[in-house]
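Reader: I have a structure open and a few things to ask about it. Can we start with the ligand?
Author: Go ahead; here it is.

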Amino acid sequence: LSKKPRVVVCRDLGPDVMPLLRERNDIELVEWGKDNQAPPRDWLLQNVRGAAGLLIVFSEKIDAEVLEAAGPSLKVVSTMSVGYEHVQISDLAKYGVKLGYTPDVLTDAVADICVMLALMASRNAGESMSLVKQSKWPTWSPFVMCGPQTGTVNSPLSTIQRPSRTAGFLGFGRIAQATLSRLIPFGITDCIYTSNPSSSTSSSSSSSKSSRDTQILSSHSPRLRSLKSVSLDELARQSDILFILAPGGPKTYHVVNEEFLKKMQKHAVLVNGARGTLVDSDALAKALREKWIWGAGLDVVEGEPDIKEDHPLVKEPRCNVLPHIGSASFETRIQMATLAVRNVLAGVLGEEMPAELDLKANM
Ligand code: 8YV
């Protein structure tokens, strides 16, 4: 008598997606079941024992301890996220466990939030809304609550000094490219990026990258005038709006630090739609306090979700902080959950997974 493969699911994925698991009679399902909190580590370590599949989100850390607790039955870890720095890739490879993730389905939702954060940060949305909530609606005057315009200033007046705008991207993958597409109608004319911040002291370009860039440029022609790969130093100095959209993990830890922020322009805004660990929070708070840059829009903060009102970034009026809701549209979350379920089922049943990460290429 062969036992059914056990699948452990660390979140309630909602009424649209849970039936895809609950209605199957070829698996044994173990659910944590509470949708608004993460399972304690102990629960995970106990329940993973003898499991064939594990469905997690980014707050579950998967390392040798979990894989050891699971034993040889574990075939697949499926994360409902595009990021995977919470999973020790080298351990997974060592134990012969596959990793499923959820690329593509969240690209549009996250790009939308990045544009929203850029606008919020430029135009002081957080500070303005908090004034209204405190019954401090400001008296109108020509420059009260003004901020730098996001796109090109369409004006013949010579007093306006900055007719074009450069968007900078730290990381230039799917989400960054989708963000750029959304910015072009706002009048962003130039784009620079650093693909691989961890190895970047000079600009690097490979032939495949430049053909991709030629394609991007021509698809946005004639409004996008230039697109180029630059060093971190140039990225800091030249970006009017800087988007952080690179993977988290040790290789990109605090790449945006005091040295980087000091090089930025005073009117620049910084948006982080990736992981909090890329930014040194104390350095960013200092940069905002001392007005090295104009403002920031953050969907992620190092140490989340334990971020309180006295956090140095939350306290900064020009820092617009969201609680990691980049992919939080109903449609996107249903797609992410569905893909995560398909990955875990395919993994335990020995079928081809719809989105399997190439572990070797990502070690
Ligand atoms: C998710 C994310 O909400 O996909 C990611 O990497 O950061 C978010 O879209 C989160 O990771 C849930 O696991």
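Author: An oxygen atom of the ligand has a backbone N or O atom of V82 at 2.8 Å. Keep in mind that this is a predicted model.

Reader: Noted. What is the distance from a ligand oxygen atom to the side chain of H324?
Author: 2.7 Å, taken to an N or O atom in the side chain of H324.

Reader: And to the side chain of R333?
Author: There an N or O atom of the R333 side chain is 3.1 Å from an oxygen atom of the ligand. As for burial, the ligand taken alone exposes 320 Å², and the protein buries 91% of that.

Reader: Which residues surround the ligand?
Author: V57, F58, M80, S81, V82, G83, L106, R275, H324, S327, R333 and M336.

Reader: How does that shell divide by class?
Author: Into 6 nonpolar, 4 polar and 2 charged residues.

Reader: What comes just after α13?
Author: G350, which takes a positive phi of about 75 degrees.

Reader: Where is the positive phi that does not belong to a glycine?
Author: At H254, with a phi of about 50 degrees. H254 sits in the loop between β9 (241-244) and α10 (258-263).

Reader: What lines the second largest pocket?
Author: The lining has 13 residues, and G126, S130, C319, N320 and V321 lie nearest the pocket centre. By class, the lining has 7 nonpolar, 3 polar and 3 charged residues.

Reader: Which element gives the largest share of that lining?
Author: α6, with 5 residues. Both α6 (125-133) and β12 (319-321) supply at least two residues each.

Reader: Last item, peptide bonds. What is the geometry from S221 to P222?
Author: That bond is cis, with omega near 0 degrees. P222 is in the loop between α8 (207-219) and β8 (226-229).

Reader: And from E304 to P305?
Author: The bond from E304 to P305 is cis, with omega near 10 degrees. P305 belongs to the loop between β11 (295-298) and α12 (312-315).

Definitions and conventions:
Residues numbered from 1 in each chain as written. Predicted model: local features only at pLDDT ≥ 70, side-chain atom pairs only at ≥ 80, totals over all residues. Heavy atoms only, no water. Near = heavy atom within 4 Å. Polar contact = N/O pair within 3.5 Å; in protein donor to acceptor, adjacent residues only side chain to side chain. Areas by Shrake-Rupley, 256 points an atom, 1.4 Å probe, with all protein chains shown as cover. Nonpolar A, V, L, I, M, F, W, Y, C, P; charged D, E, K, R; others polar. 1 Å grid on protein atoms, 1.4 Å probe; cavity = no way out; pocket = protein on both sides within 12 Å on 5 of 7 lines; lining within 4 Å. Helix = DSSP H or I, 4+ residues; strand = E, 2+ residues; numbered from the N terminus.
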